[in-house]
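Here is a short briefing to read alongside the structure. Have a look at it first, and then we can walk through its contacts together.

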Protein chains: 4
Amino acid sequence: MSQPDKELFNLAMSEQAQPLFHAVKKHIEENVDTIVEEYFALDKDKEDRWTFHPRQTELLEGAKQKAREAGLWNFFLPDSELGDGLTNLDYAYIAAELGKNPLASQSLNCSAPDTGNMEVLERVGTEAQKEQWLKPLLAGEIRSAYAMTEPDHASSDATNIQTSAVLDGDEWVINGEKYYISGAGDPRCTILITMVKSSPDAETYRQQSMILIPKDTPGVEILGAMEVFGEDHAPHGHMHIKFDNVRVPKDNVLWGEGRGFEISQLRLGPGRIHHCMRSIGQAEKALDLMVKRASTRVAFGKPIVKLGKNLEIVARARIEIDACRLMVLQAAKAMDVLGNKEARVYVSAVKAMVPEKVCTIIDQAIQMHGATGMSQWTPLAAMYANQRHLRFADGPDEVHHMVVGRNEVRKHGLW
Amino acid sequence: MSQPDKELFNLAMSEQAQPLFHAVKKHIEENVDTIVEEYFALDKDKEDRWTFHPRQTELLEGAKQKAREAGLWNFFLPDSELGDGLTNLDYAYIAAELGKNPLASQSLNCSAPDTGNMEVLERVGTEAQKEQWLKPLLAGEIRSAYAMTEPDHASSDATNIQTSAVLDGDEWVINGEKYYISGAGDPRCTILITMVKSSPDAETYRQQSMILIPKDTPGVEILGAMEVFGEDHAPHGHMHIKFDNVRVPKDNVLWGEGRGFEISQLRLGPGRIHHCMRSIGQAEKALDLMVKRASTRVAFGKPIVKLGKNLEIVARARIEIDACRLMVLQAAKAMDVLGNKEARVYVSAVKAMVPEKVCTIIDQAIQMHGATGMSQWTPLAAMYANQRHLRFADGPDEVHHMVVGRNEVRKHGLW
Amino acid sequence: MSQPDKELFNLAMSEQAQPLFHAVKKHIEENVDTIVEEYFALDKDKEDRWTFHPRQTELLEGAKQKAREAGLWNFFLPDSELGDGLTNLDYAYIAAELGKNPLASQSLNCSAPDTGNMEVLERVGTEAQKEQWLKPLLAGEIRSAYAMTEPDHASSDATNIQTSAVLDGDEWVINGEKYYISGAGDPRCTILITMVKSSPDAETYRQQSMILIPKDTPGVEILGAMEVFGEDHAPHGHMHIKFDNVRVPKDNVLWGEGRGFEISQLRLGPGRIHHCMRSIGQAEKALDLMVKRASTRVAFGKPIVKLGKNLEIVARARIEIDACRLMVLQAAKAMDVLGNKEARVYVSAVKAMVPEKVCTIIDQAIQMHGATGMSQWTPLAAMYANQRHLRFADGPDEVHHMVVGRNEVRKHGLW
Amino acid sequence: MSQPDKELFNLAMSEQAQPLFHAVKKHIEENVDTIVEEYFALDKDKEDRWTFHPRQTELLEGAKQKAREAGLWNFFLPDSELGDGLTNLDYAYIAAELGKNPLASQSLNCSAPDTGNMEVLERVGTEAQKEQWLKPLLAGEIRSAYAMTEPDHASSDATNIQTSAVLDGDEWVINGEKYYISGAGDPRCTILITMVKSSPDAETYRQQSMILIPKDTPGVEILGAMEVFGEDHAPHGHMHIKFDNVRVPKDNVLWGEGRGFEISQLRLGPGRIHHCMRSIGQAEKALDLMVKRASTRVAFGKPIVKLGKNLEIVARARIEIDACRLMVLQAAKAMDVLGNKEARVYVSAVKAMVPEKVCTIIDQAIQMHGATGMSQWTPLAAMYANQRHLRFADGPDEVHHMVVGRNEVRKHGLW
C-alpha cells in the first residue's frame, strides 16, 4: 500500500479543524436553530413570493453578522489564503452539520451555488473579476448562479451545450436557453456564471467557455421558475432563463476562451461533494425523525417501531448512512490527497451513491409517519424533493455510474 | 378446482360492457382530452385558489352534460338498479382508462370519494338520506367527503378513532379532529360522511358509527389544507377539519349506531380497488411518457433508450404493469364472485402491491426525463405524489401486507 | 378491445381439462408422493451415480404404468392428435402441480427436455424420424436432450453457434462443443437434437440447422458434467459434450437445412413456458415450507412469523406468486390465441419475470429456516439452484428483457 | 467530537503493520497462489473424501513452514504477547487479502474457527488448558471446532441452547445435538469448544457454560455432514454431532461454570469481523472476475460490459465494496478503541451489511458469466454458497439488524 493510498484511509478530522467544527455547531444551535421557525412562517406574510420579508432579511443578516464576528466566515475555501485553509475532509464534517438546518449554510456564507462559484473566481478569475464579483460574494452582499443546464439537450453530455456566444468586436453576444438555474430567482443574485459554446470549430472539449453575465444585462429574460416536485423554492428558485442577444464585454470570459469544460470539471468536484456532505446531514435528520415517530406513535397497542419491519428499516438506515458518510469523507480526502482531477472517480462514486440512498431513507421516514409524513407538518417531503433533485444536479446518477464503471473496466485494459 | 375458484380466472370483460367501454373511451377522447389543457391553465387566473374559475365550471359541466346525454353516467354502481349494473371486473377496465386523464372521472360522475360514498348511501342509507344526499350526488350537483383519518392516532387501526359523538336528546354532539379529508375543500362539497366513536362501552368493533355531517353545520371548522409532497390540490383539497360541538339530528347516523366499522369494511372494498384500477392507467401513462422520451432524447449520439439500463427499465415496467393489471382484475372479479367481505384479502393484496410498484415506475419515468421529469413540464411529479399518497390512503401498505400475510398463515392453522 | 385481446383475459381452465387436472393431482398424490422418499434415499446405495438403482427404475416405471393406465400420458402436446389436445393454458394449470414434486413430470412422460423435443419431432419430423425417435419417446422408453448452448460463445445470441456441420457425401460431419446439455447424462437418453452451423454463407438466420445425433454415434464424447451451484444432478446431468468428426446420415437434419433458427423459435415458446409453469409450483412449495417453519419455529418466545419483517415477507411472496401465476397463464393463453410466434413477447416477459422472483422467494424461505434452509434437510437449496439455473436456460434474463423492451419501444416507432 | 469518536475515523493501516502486510501478500503470491491448483485437483484422487491426500498435506505443510520461517505466524492475535500485537484494524487489511485465496488463511495459521478459539483459550484458558490445546493450535499441529448451533432450536437466541451438561462427581456428563459445526470433519480437529446449558436454575445469561470436549471422547458421534447449498466442504465439513453421555473432567469448563454466554460475546466480536474482512476479499475477487468476463466476452458484436445494465452493475459493485470495506475497517477500529463489548453495534452493523451485499455482487458476477458462472469452471458458485452461509453463521442477519435498530431507538430513550 503506497503512502497516498494509506492516507486515503485516514478520515479523522484534523486537530486544527476541531475548534471550528465546534464553533459552527454552537453557532447553529444558538443563532440559527432559534430563528428558523419564525423565518419560514414569514413566507406566508409576503406579498410577492419572490422577495424577502423585511423581518426575514433582518433575522438572516443578524445570524450572518454573528457568524462574521465569531470568525465563522468563508471557511469553505480549501487551501486558500482567503478562507480558513480547511481541507475538503474537514469541510465535509462541517457540511454534514449544515445539512441539518435549512438556513445554516447561508448564515455562514457557505451556500450553494455560491461556494462553488467563489472557488472558481478565486482560482481562475482576473483581479478585476475578483474585485467586482468575488469580493461582494465573500462579503455575503450579493449572490450568484451557475447557468449550465439547457432544456433541449441532455445535460449529462457537456458537449451538448447549445447556448452560443459570438464575439462581436469587444463584446460577446449570447443567445440560448438555460433552465434549473438554482438561486437565480433570489433578488440578491446579480451574476450568472454561464456555460456557452463559443468556439464551435475547436476540438470537442475546447468549444465551451464560461462567461460572467450580470443578471440585469438587457436580454437576460427570466421566463419562469422550474418546479421540483411541485415546489418552486421561491425566492431562491430554479429559473428558466432566456439569453436574447445579451451583450457583455469580451473580458467577462473566465480563464480564457475555450476553457469552459476545464472550469466545469474543476468546479464540479467540490460542488458535487458539498451536496453529498449535506445529504449526510439530511439523512441523519430523517433517521432522527423516523426513530422519534416510531418510538412514540402507538398502533395495535405498541410503539410502531415494534411492529413489522420497522425496526429493521431503522437499522438499515443507520447502516447505510454510516457507509455513505465514510464514502463521502474518503472522496473529500481523495480531493485533498490526489487533487480534484485524480479524485474524479471517488467523487462520482459518492454522487451516484448518496442521494439515491438518502432518498430511500427519507421515503421510509415518510412511510413511518403515515400521511403526516408527506404533509407540511414535517420537513420530510421537502427533503425528499431536495434529494431527488440531487439525482439530476451536476449530472444524473447514470453518468456517474458510467464514470465509475469505466474506471473499473480500464483497470483491465478495456476502454 | 372448484367452480368459484375457476371463475376467478376468467378476467375478460363481459360482452355487455364492451359498448360502454368503447363509449367511455370515445367520450374521453372527444370531450375531455380536448378541454384538459385549457382547464388547468385557468388555475393561474383564479383569484382564490379554493374556487373554480367560471370558465372551468363551464368546461367541466359541458363535458358532464355530454356524458349524461350519452348515457355514460353513474355506471360505477355495481349490481344496482341505479347504475348500469356493471360488475367490478367490467368497471376495472373502464377505471384504468379514467386513470389516464385527470378530468375523466369527474366528467362521468365517477370521482373518488363520491363513488364510494354513493355506494354506501345506496346500500345502507334510509329513504330520507337517499333523497337528501344520494339524489344530488347521483345528479352530479353536489360532492361529498369521507372523514375517517385523524391526525393524532394511527389510522391503520380503526379502533383508534377518537372523534366522539354523544347523543344529547335528539342530536349527536360531535367533537374531534380529522385530516386528509380529500375533496372537502371543493366548494361543491356539502356533506361529510364521518367516522366517530359513538359507543365507547360496546365491544371493540361496535364502538364506531358513521354520521352524515353537512359541511355548513356550525362547529365544522376547516383548519387548513394538508399537503401531499408540497401540493394542496386546491380546490379539491385534503382538508384538516375540526368538529367543535357540532350538532346533527340523531337520524343522521348511517345504518344504525355501532355499525361504523361494518360500513367502513363495506366501503373500503370498492374504494380501494377503484384507486388501484386508476393506478394502472397512471402507470400506462408513465410508461408511455418514458418510452416517448427515451426514444427521442439523444445523448452520447444515441436515443437514450439505447443507453445503459434504460431498455431494461422499460421492459420491467411493462412486465410489472401487466402483472398489476391482472391482479387488479382478479381482485375485482373476486368481489363479484365472492362478495366484498370474502374478497378482502384479494383487495389488500392489490392495495399493497399496485401503488408501490406504480410509484417506482413513475420515478423511473422521471429519471429518464432528466430534470424535466420533476418539473411542471410533465405530469410525472404530480402523478408520483398522487400514487405515493395512495400508499397511505385507506390504510398504509403495512396494514394490507398484514392482512395478506395473516391469511396465508391461517391456512396453516396459526392465527 | 378486439376479440383476441379480450380472449387473452379469459384465463380459466376449460371445462374439458378439469377432469384431467383432478386426475393428475390424484395420480401425484397416490402414486408419486408415496414413492419420492424411498426413490431419492436410494441414491446413496448406487455404486455409479450415473446409473439408476434397479429399485428406482421399478418405482418410477410403476408410477408411469399407473399413469398410462389412467390415460394420463403425453397430454402436454397442444392441439395434437397424439396428445389430449390440451391448450397451453390448460397445461399451465397442470404443470404448476407437476412443479411441486420432483418425479411428477417423469411419471406422466411430461419431463423437460423431452416435451419440447417431442413437440418439435411431432411438428417438423419426417415419418421416418417420428418412427425412430418420437414413438419411443411418446412411449416413455427413451429420453432425449437438446444440444444448443456452447461454452465458448454467448448463447444469448443464437447466431454465435459455432459447432459446424459439413456435408460429406450423404453424411453430415459434425465438430464442436456443447455444454449444459441437460438430461444427456441419463443412461436412457439416446438422441441429441443438436443445433449446428451448417450453412455459413447463408443469411444470418438461415445458417443454422438442427440435426438428430444418436448419443452412441462414434465421436460423441461426454467430457463431463457441468455443475449447477455444486450439484451435477446425476444421473440426469448437464453434460459437456464434444463432437469430434461425428457422422450422421444427411436425412438426420430436421425440417431441412437452414431451418435451425426457425425450429429453435418454435421450440422455445412452449419449452420456456413449461419451465415457468413449473416454477409457480416450486414457488408455492417454497411459500408452504416458509409458512410452516415460520408458524412453528419459536424464538424470543414467539413463532418467528411474528418477528420483524417475516409476516410481510410471507405476504409479499403470496402477492408475487399470484402475479406470476396470472402472467404465466396469460402467456400460455397468448400462445393458444395468437400462436407461438406472435406470443413471443408474452413468453419473454414471463421468462424474465418468473425465475428471478421465484429465486427471491426461495431465498427468503431459506433465510426463514436458518441454517437448515441451506442444508440437505429441506429441498430449498436444490430448488434455488434449479430456479437460478432457469435464469440462464433458454436465454438469460437480459435477452428476454431486451425482447420485451424493444417491443415496447417499437410501439412508438423506434427500432 | 470527542477524541475516541475522532479516532474511529482514522482507518489507515499503522506504520508497523505495513511490512507484515506486504510480507503476507508476497507469501501468498509466492507460496500459496502457486499450489492452489494442484492442491484442489488432488481432491479427485482421494479415496476417502474426509481425509487429505498425502501430497495435499505436503503442499500445505510446505507453505506453512515457509510462513513460519518468514515470521508470518499467529499474527491474528490482537494485543497479545503471543502474536504480533496487531490491532484489529491492521488485521482487517490482511484478512481482506486472505479472503482472495482459499488456502491463504491456513498457510498462516489464521483459519476460522481456530483463530477465534485460540483467542478464547489465550484469554480465559487455564495454564493447563493452554498447554494442552492452545500450544498445539498455535503450532498449527491440530485444529479445533466451536460447537454452538443446535438443530432443534433457533440459534439466534443463545438462551435456547438445550445441550445439557450435568456434574456427576468430577465429571461433566454432556447430552445433546449440535449441527453446522464447521471444521469438525477435519481429521486434524481434536477439540470441540462446546456451548452447553449447565446451570438451568441460574439467571438467564448465567445458565450456559463452555466446555472443552476432545473429539475422540466416547459418546461423541459424528452423525453426518450438513450441506451448504449442496456442498459438504469435505474434509473440513459442517458436522452434525450427537453428544451421548459424553464425560469430560470438571476442569474442562472454560473460565468457570455459567460464563458461557460471556465467552460467546467475547469470541463473537473478532470472529464475526474476521469473516467480514475476508468477505471484502471475496467481493474484490468476484468483481475482478466479473469485469474480466464482461470485458472479453462478446455478444451482439460487443464486449458484454457495453450491453444493457452491465456497466452500471460493475459500478454499483465497486461502490458497495468500497463502502463495505470502510465499514469493516471502522468496526475493527471500534474494537481497538472501544473494546469488543462497546463495539458490539459496529460489529453487528457489518455482519448484517457485508455478507448480504457480497452475495448480491457474486450473484451478479455469476449472471455476467452466463451458465459458466454457476458451474465448477469458476469459483463463483462456491463463493456464493460461502457468503450465503455467513448470513446465518454467528447469528442471522435479522438478529444483527435487531441489535443495530435497538441501539438507535435507545438513543431516543425507548427500549
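Domain bounds here come from an automatic or database domain assignment. On that basis, chain A is divided into domain 1 (3-138), domain 2 (143-254) and domain 3 (261-410). Please keep in mind that this is a predicted model. The points below cover a contact inside chain A and then the one between the chains.

**Domain 1 and domain 3 of chain A**

- Between the C-alpha centres of domain 1 of chain A and domain 3 of chain A there are 20 Å.
- Domain 1 of chain A brings 22 residues to their contact, and domain 3 of chain A brings 27 residues.
- On the domain 1 side, the elements that give two or more residues are helix 1 (3-7), helix 5 (88-98) and helix 7 (114-124) of chain A.
- Helix 5 of chain A supplies the largest share of that side, with eight residues.
- Sorted by class, this side of domain 1 of chain A, facing domain 3 of chain A, holds twelve nonpolar, five polar and five charged residues.

**Chain B and chain A**

- In the contact between the chains, 36 residues come from chain B and 35 residues from chain A.
- On the chain B side, strand 8 (298-299) and helix 12 (380-390) of chain B are the elements that give two or more residues.
- Helix 12 of chain B makes the largest contribution to that side, namely five residues.
- The side of chain B that touches chain A is made up of 17 nonpolar, twelve polar and seven charged residues.

How values were computed:
Residues numbered from 1 in each chain as written. Chains lettered and ligands numbered in written order. Predicted model: local features only at pLDDT ≥ 70, side-chain atom pairs only at ≥ 80, totals over all residues. Contact = placed C-beta atoms within 7 Å. Helix = DSSP H or I, 4+ residues; strand = E, 2+ residues; numbered from the N terminus. Nonpolar A, V, L, I, M, F, W, Y, C, P; charged D, E, K, R; others polar.
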